[in-house]
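Please open the structure in your viewer and keep the selection tool at hand.

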Amino acid sequence: MKGKWMCAILCAATGVFFLFGLLTSPTVVHVFGNGESLPVLVIDAGHGGFDGGAVGVNGTSEQDINLSISRSVQALSGFFGYPVTMTRSDEQALDYQQGRSVRENKVADIKARERITNEVKNPIFLSIHLNKFEDPKYFGAQVFYSKNNEQSQTLAEKMQETLISGIQNHNIRRAKPAAAGIYLMKKLQCPAIIVECGFLSNPQEEQLLCEVEYHKRLAVCIFHGYQTYLNENPI
């Protein structure tokens, strides 16, 4: 019952922020506390600008969905008094310069995300992405964690748990270590995870991922996982 009440409150909070247009702001006021003793949640909306990310079977682009989910997580975190910052707060890539090669701009973008995170005192890094696979039967959110900090796995497992219980789509995935070649998971020393919020290659899930209300549901699950992690692992 307690979990249901929390989800109802979080959904209402998200609705309030959408109603007043606060999700377009990169900074959210902390309503219930100053958060001085808490870590700072660094929300990283994957891709952006020239780099649209994965493309669904019906042409859906990943980057805008990542940003929408990230803004909802940002709003919920701020509303409940959890310090938060965004690496990408709009539709653009980071540190983009016209005239550079795609590779150079991609390197600049990922380095900017690393720099922003490292400039934050006591960060926890949360990157929002979407998945894609050649076989359309695969579906469901999955969380990956950096092996550089032991708390990453704890956070990822809690996040996976709340995504499964909150979305309830028969997802049986488990949190896994991130691939060795993922730059930010390799470089960041703070707790760091990637949340793949679903498969654009699955037609049914792609349709859901195009709905703003579904973005809010995902954000509630993500925030609830983060909040539960902090409650169970005081920092």
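Begin by selecting helix H7, which is mostly covered: 15 of its 21 residues are buried. Note that the model on the screen is predicted. From the first C-alpha of H7 to the last, the helix reaches 30 Å, close to the 30 Å expected at 1.5 Å a residue.

Next, display the whole chain. It contains seven helices and six strands. Followed along the sequence, these elements give the pattern α-β-α-β-α-β-β-α-β-α-β-α-α. Of the 235 residues in the chain, 51% are buried. The accessible surface of the chain comes to about 11600 Å², and carbon and sulfur atoms account for 54% of it. Consider also the contacts between residues at least 6 apart in sequence: 79% of them join residues at least 24 apart.

Now turn to the aromatic rings. How many aromatic pairs does a search of the whole structure find? The search finds six. Select Phe79 and Phe80, which form an edge-to-face pair, with 5.2 Å from centre to centre and 80° between the planes. Are these two residues buried or exposed? Phe79 counts as buried because its relative accessibility is 18%, under the 20% cut-off. Phe80 likewise counts as buried, because its relative accessibility is 17%.

Phe223 is buried, as is Phe80.

Finally, move to the surface and select Phe50, Tyr96 and Val102. This trio forms a nonpolar patch with about 280 Å² of accessible area together. Where does Tyr96 lie? Tyr96 is found in the loop between E2 and helix H3 (102-119). Tyr96 is classed as partly exposed because its relative accessible area is 45%, which falls between the cut-offs of 20% and 50%.

Key. Residues numbered from 1 in each chain as written. Predicted model: local features only at pLDDT ≥ 70, side-chain atom pairs only at ≥ 80, totals over all residues. Heavy atoms only, no water. Phe/Tyr/Trp six-rings, centres within 6.5 Å; stacked < 30°, edge-to-face > 60°. Buried < 20%, exposed > 50% of the residue type's maximum accessible area, 1.4 Å probe, protein only. Helix = DSSP H or I, 4+ residues; strand = E, 2+ residues; numbered from the N terminus. Expected span 1.5 Å × (residues − 1). Contact = heavy atoms within 4.5 Å. Areas by Shrake-Rupley, 256 points an atom, 1.4 Å probe, with all protein chains shown as cover. Patch = residues over 30% accessible without salt bridge, like charges linked within 9 Å, V, L, I, M, F, W, Y side chains within 5 Å. Salt bridge = Lys/Arg side-chain N within 4 Å of Asp/Glu carboxyl O.
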